[in-house]
Each structure stands twice: as C-alpha cells, then as structure tokens.
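These are my notebook entries on one protein structure. I record what I looked up, entry by entry.

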Amino acid sequence: MKRMGLAVLFLSLVGALAVVPASADTTLYNNTGPTSNGGDTTYGAFTLDYGYVVTDSFTLSQSSTVTSANFLIWVISGDTLSSVDWSIGTSAYGGTPATATTLSLGQTNSGVYGRYNIFDESISIPGLSLGAGTYWFTLQNAVASNGDLAYWDISNGPSSAVHSTIGTVPSETFQILGPVPEPSSFLLLGSGLMGLAGMVRRKLKA
C-alpha cells in the first residue's frame with residue numbers, strides 16, 4: 001500500500017513538471033519592433049555615422065535578463081551593416097550597465113525603399129540583468145561594408161528618443177528580448193505538490 005502511494009506521488013510529480021511552461025526568449029519591450037514594423041518607410045531614418053548618436057528609451061515592468069535586441073537599419077542598395085556600437089544605460093547615452101561593439105549581426109532583408117535596403121538586424125547581449133524601470137538603448141558608429149551611410153529606422157513608437165545633434169526626435173524601430181521568469185507557475189506547482197504530499201501521507205497513516 002505504501003509503495004502504491006509513493007508510486008502515485010512520483011507519477012504526479014512527473015506529470016506536474018511536464019506541464020510547467022519552459023522559460024524561452026520573448027519580447028520584453030516592443031517599440032514597433034522589426035517583426036511588426038516590417039520595413040514601414042512612413043517616417044524615414046536617422047544616420048548613425050560620422051559621430052551621430054541616437055538613443056531611445058525602453059521600460060521593463062519587472063526584473064529581467066536581456067539577451068538580445070532587434071532593430072531596423074537602412075543602407076544603400078547592395079550594401080550591408082558590418083558593425084555598430086551599442087549601449088544600454090540608465091540615462092540617455094549612458095554607457096552602463098552594458099556597452100559593446102557588435103561585429104556579428106543577424107541580418108534579414110526586410111524591404112526596399114528607393115535606393116535603400118532595409119535590414120532587420122539582431123545583436124546578442126550577454127545576459128544583462130536589469131531591474132524594473134526605464135533604460136536607454138543607444139546606437140552609434142555604424143559601419144557599412146561599402147563605406148556608405150547607415151540609418152536607424154524611425155517608427156514613431158511610444159518611447160522617448162534623442163539625437164545627438166537634433167535633440168528630441170521621433171522614436172526608432174527596435175525590440176528588447178530575453179527570457180521571462182514565470183514565478184507564479186512555479187509557486188502554483190509547489191503549492192500543489194505540498195498538498196498532494198500531505199494527502200498521500202494521510203492515506204498512508206490511515
């Protein structure tokens with residue numbers, strides 16, 4: 001009888017773990033991101049070359065780990081983006097808590113506008129842990145393969161953006177991504193398992 005009770009408990013544990021959702025990268029912040037903007041050319045783009053810098057705010061509703069970012073870049077037809085400097089900080093142009101030059105870009109052609117190709121760029125961010133709050137995503141020193149200009153697509157999304165020469169400008173097209181913790185699911189699982197263990201214990205004592 002005891003063995004049967006333990007077997008039931010074990011199978012229940014396996015079943016419960018099987019239904020707990022796995023943590024996967026998802027969109028933590030979407031400023032009319034590349035997947036939804038899709039190369040919309042309504043608003044134009046701001047250059048990221050020759051010392052120009054563009055910074056854009058984003059807000060996290062809970063503590064999160066940022067692992068990547070997506071954004072749209074315009075380049076002359078036949079050209080591609082070779083590298084770009086990025087930073088995430090707590091204020092406009094802030095270089096902390098993370099800053100780096102990205103040479104390895106995931107690029108997908110997202111559209112054509114006149115003499116420009118529009119690319120959905122993806123950069124990897126090494127597990128940046130951030131608390132809930134507002135941060136700034138900054139791009140600068142873009143380098144195109146043929147030496148032409150590179151531009152950050154304007155989405156006119158909900159965030160605040162600043163251009164190093166112009167000042168306040170319409171916001172850009174980007175997404176911030178990372179795994180979303182699901183503490184409520186694990187709390188629910190733990191409560192259920194405790195109740196199940198208590199029920200089996202009472203039956204074994206009976």
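This is a predicted model: local features need pLDDT of at least 70, side-chain atom pairs count only at pLDDT 80 or more; totals for chains, interfaces and linings use all residues.

Entry 1, Ser68. Why does Ser68 count as buried? I find that Ser68 counts as buried because its relative accessibility is 15%, where buried means under 20% relative accessible area, exposed over 50% and partly exposed in between (1.4 Å probe, protein chains only). I place Ser68 in strand β4, residues 64-76; helices (H or I, at least four residues) and strands (E, at least two) are DSSP runs, numbered from the N terminus. Leaving out residues up to four places away in sequence, I list its contacts (heavy atoms within 4.5 Å) as Ile123, Ser124, Ile125, Gln175, Ile176 and Leu177.

Residues are numbered from 1 along each chain as its sequence is written, and side-chain values use heavy atoms, with hydrogens and water left out.

I read an average pLDDT (the predictor's confidence in each residue, from 0 to 100) of 79 for the protein, with 73% of the residues scoring at least 70. For residues 4-22 the pLDDT is below 50, and this stretch has 15 contacts in the model beyond near neighbours in sequence. Residues 184-189 also have a pLDDT below 50, with 5 contacts counted beyond near neighbours in sequence.

I count 3 helices and 13 strands in the protein. Of its 206 residues, 43% count as buried. Among contacts with a separation of 6 or more, 79% join residues 24 or more positions apart.

I looked up the nonpolar cores, each a set of buried Ala, Val, Leu, Ile, Met, Phe, Trp, Tyr and Cys residues joined through side-chain atoms within 4.5 Å. The largest has 34 residues, and Phe58, Phe71, Ile88, Phe137 and Trp152 have the most contacts inside it. At least two residues of this core come from each of several strands, including β1 (25-31), β4, β8 (116-130) and β13. A second, separate core of 6 residues includes Leu72, Trp74, Ile76 and Ile118.

I locate Pro179 in strand β13, residues 174-179. Pro179 counts as partly exposed because its relative accessibility is 22%. From Pro179 to Gly127 I note 52 residues in sequence and 9.7 Å in space, C-alpha to C-alpha.
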